Amino acid sequence: MLNIILIILSGVVVGYFIRKVPQVVHVGTAISLIIMLLLFFLGISVGANEQVVKNFATIGFDALIITLGGITGTILCAWWVYAKFFKKNKE
C-alpha cells in the first residue's frame, strides 16, 4: 500500500514540475484510452469466467440494490448539506 501511495505522490511531483510542457495536454486523452482498454480487458476476463456468467442475474440484482442504496444515500446527504449550510432561512 505504501508503494502505491509513493508512486501517486511521485506522479504528482513530476506533474507539478512539467505542467508547463506543451505535450502534457495530451496526457488526459492517453489516460482515457488506457482506461477504456483496461475496461475492455476486464470485460473479457469477466466473460471468460463461467462462474460469473452463470450467476450474472444474481450479481446484477445485488449490484442494482447497492447502486440504488448509494444513490439514495448520496441524495439524502446532499439534501441535508444543502438544507443545513446553503438554504437561506426565511425568518
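I began with helix α1: of its 16 residues, the number buried is 0, so the helix lies largely in the open. For me, buried means under 20% relative accessible area, exposed means over 50%, and partly exposed is in between, with a 1.4 Å probe and protein chains only. Helices are DSSP runs of H or I with at least four residues, strands are runs of E with at least two, and both are numbered from the N terminus.

Note on the source. I am working on a predicted model, where local features need pLDDT of at least 70, side-chain atom pairs count only at pLDDT 80 or more, and totals for chains, interfaces and linings use all residues. Residues are numbered from 1 along each chain as its sequence is written, and side-chain values use heavy atoms, with hydrogens and water left out.

Entry: helix α1. I checked its length. The 16 residues of α1 should span 22 Å at 1.5 Å a residue, and the end C-alpha atoms are 23 Å apart, which agrees. The expected span is 1.5 Å times one less than the number of residues. I looked up I8, which sits in α1, residues 2-17. I8 counts as exposed because its relative accessibility is 52%. L2 is in helix α1 as well. L2 counts as exposed at 58% relative accessibility. From L2 to Q23 I read 30 Å between C-alpha atoms, for 21 residues in sequence.

Entry: surface patch. I found a nonpolar patch of about 840 Å², made by M1, L2, I4, I5, L6, I8, L9 and V12. Patch residues have over 30% relative accessible area and no salt bridge; like charges are joined within 9 Å, and nonpolar side chains (Val, Leu, Ile, Met, Phe, Trp, Tyr) within 5 Å. A salt bridge puts a side-chain nitrogen of Lys or Arg within 4 Å of a carboxyl oxygen of Asp or Glu.

Entry: whole chain. I counted 4 helices and 0 strands. The order from the N terminus is α-α-α-α. The radius of gyration is 21 Å, whereas a compact globule of 91 residues would have one near 12 Å. This radius is taken over C-alpha atoms, and the globule rule is 2.2 Å times the number of residues to the power 0.38. Along the principal axes, the C-alpha atoms fill a box of roughly 55 × 50 × 30 Å. Buried residues make up 0% of the 91. The accessible surface is about 8,600 Å², and 75% of that belongs to carbon and sulfur atoms. I took areas from the Shrake-Rupley method with a 1.4 Å probe; for residues, only the protein chains shown count as cover.

Entry: aromatic pairs. I found 3 of them in the structure. The F40 and F41 rings have centres 5.6 Å apart and planes at 65°, so this pair is edge-to-face. W80 and F85 also form an edge-to-face pair, at 6.1 Å centre to centre and 90° between planes. Rings of Phe, Tyr and Trp (its six-membered ring) pair if their centres lie within 6.5 Å; planes under 30 degrees apart are stacked, over 60 edge-to-face, and the rest tilted. F41 is partly exposed at 48% relative accessible area. W80 is partly exposed at 45%. F85 is exposed at 54%.

Entry: I placed G47 in α2, residues 27-48. G47 counts as exposed at 51% relative accessibility. G47 and D62 are 15 residues apart in sequence and 18 Å apart, C-alpha to C-alpha. V52 is in α3, residues 50-54. V52 is partly exposed at 22%. Its C-alpha atom is separated from that of V21 by 45 Å, at 31 residues along the chain.
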